[in-house]
Amino acid sequence: QNVRINPSSISFQMWKDIPVPFYLSVHFFEVLNPKEILQGAKPVLSQRGPYVYREYRTKTNITFHDNDTVSYLEYRRLFFQPHLSSGPEDEYVVVPNILMLGAAVMMEKLPNFVKNLMSTALTFLKQEAFMNRTVKEIMWGYDDPLVKAINMIVPGLIPFQGKFGLFIDFNDTNTGLFTVNTGMKNISPLLSTPVPQVNYWRSSQCNMINGTAGEMWPPFMSPTSLEFYSPDACRSLTLVYEQSGRFQGVPTYRFVAPKTLFANGTDYPPNEGFCPCLQSGIQNVSTCRLNAPMFISHPHFYNADPSLVDAVEGLHPSKEQHGLFLDVHPMTGIPMNCSIKLQLNLYIKHVDGIKQTGDIKPVVLPLLWFAESGSIEGSVLKQFYTNLVLLPSVLDYVQYILLGLSVPLIVSAAVLM
């Protein structure tokens, strides 16, 4: 009863205004040798960060329907946490000029006169392949005359106007209308949407929206796998059971990403619909990221083709630091502790006709990686532990005591008879 989405259930208020303190931690990859990269050298990177933000999630427009579903919009609001960060938001970091290098690759097959025109505009605007920007600018946006120039020279190449920032759509925004089963009739809070699939990918299987919204799963879970839809990855993700454990005394199942999650279509045919692909371990997300040559992966190319790590200097992939996980209470399907980690990468290369790309060798260049992490704590954890761990244990104990007391009574009654 208490894990159903109903205003009278214990979990409803937790579901509506998530009390778990979530944090977004961002690590940038600073480029140490930008001039040498333009001459064909291997990129040398240095990790900067973390820059940490407290994340608040609230649901609005909550509407219950007659078919055992509820729809809502969920808003994310992020606030910088200086005391948890390695430095302030106004720190400068040398990173690729994402707009310029991304647009160059997108224009590679256009006529030479268009590319020459773009190169002239880049010279006039004093645009270079690498830029020195603050963390705040890269995250939340900056005004760049290049946006207007690109829209003028190649209309529709980048479908946006105004500021450009990698996380500009993350703050004080919603991820679209979600509809989930309440579990009142069928205790299975699976995700459904007005459109049962997205249209980013090349196969119906890859476009399917499977699993939950990532906040809870059906109770009485089996140690196999779980699915959830990730707006950040523009697809449903499947995690697999790794081990049983305990979080603050609460029993959990740990689910992790399988090596096939971002495998290419050659190594794992079901992923063919996410192609065009490069090496295994990265997923092309250009179709849902403004058509830019963007790829997602695990941080530091963990679980990816070794050639991706070897193509740059400064990466040190490890499961402990870069593997994502979800610890879920199997009886209720409620996550107790989680850390979802993803890396954003940009494919860059020399493009004929655009001199600003120099002699850059083709490379998938890491830009940053981030972790969205949270765990149940405080009064919520105490209530959870008391109701779902302590009381059932006490009742089991009392049951055995009563059973033990009943045996002598039964024997005495038999003797008296």
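Reader: Which element gives the most to the lining of the largest pocket, and how do you know that?

Author: This is a predicted model, in which local features need pLDDT of at least 70 and side-chain atom pairs count only at pLDDT 80 or more, while totals for chains, interfaces and linings use all residues. Residues are numbered from 1 along each chain as its sequence is written, and side-chain values use heavy atoms, with hydrogens and water left out. Strand 6 gives the most to the lining of the largest pocket, with six residues, where strands (E, at least two residues) and helices (H or I, at least four) are DSSP runs numbered from the N terminus.

Reader: What makes a residue part of the lining of the largest pocket, and which lie nearest its centre?

Author: On a 1 Å grid over the protein atoms alone, a pocket is an open set of points with protein on both sides within 12 Å along at least five of seven lines, whereas a cavity is a set where a 1.4 Å probe fits but cannot get out; lining residues have an atom within 4 Å of a point. The largest pocket is lined by 43 residues, and D169, P231, C234, C288 and R289 lie nearest its centre.

Reader: What is the volume of the largest cavity, and which element gives the most to its lining?

Author: The largest cavity has a volume of about 690 Å³, a volume being the space filled by probe spheres set on grid points joined across faces, edges and corners. Strand 14 gives the most to the lining of this cavity, with seven residues, and the 38 lining residues include F22, R57, A213, G214 and E215, which lie nearest the centre.
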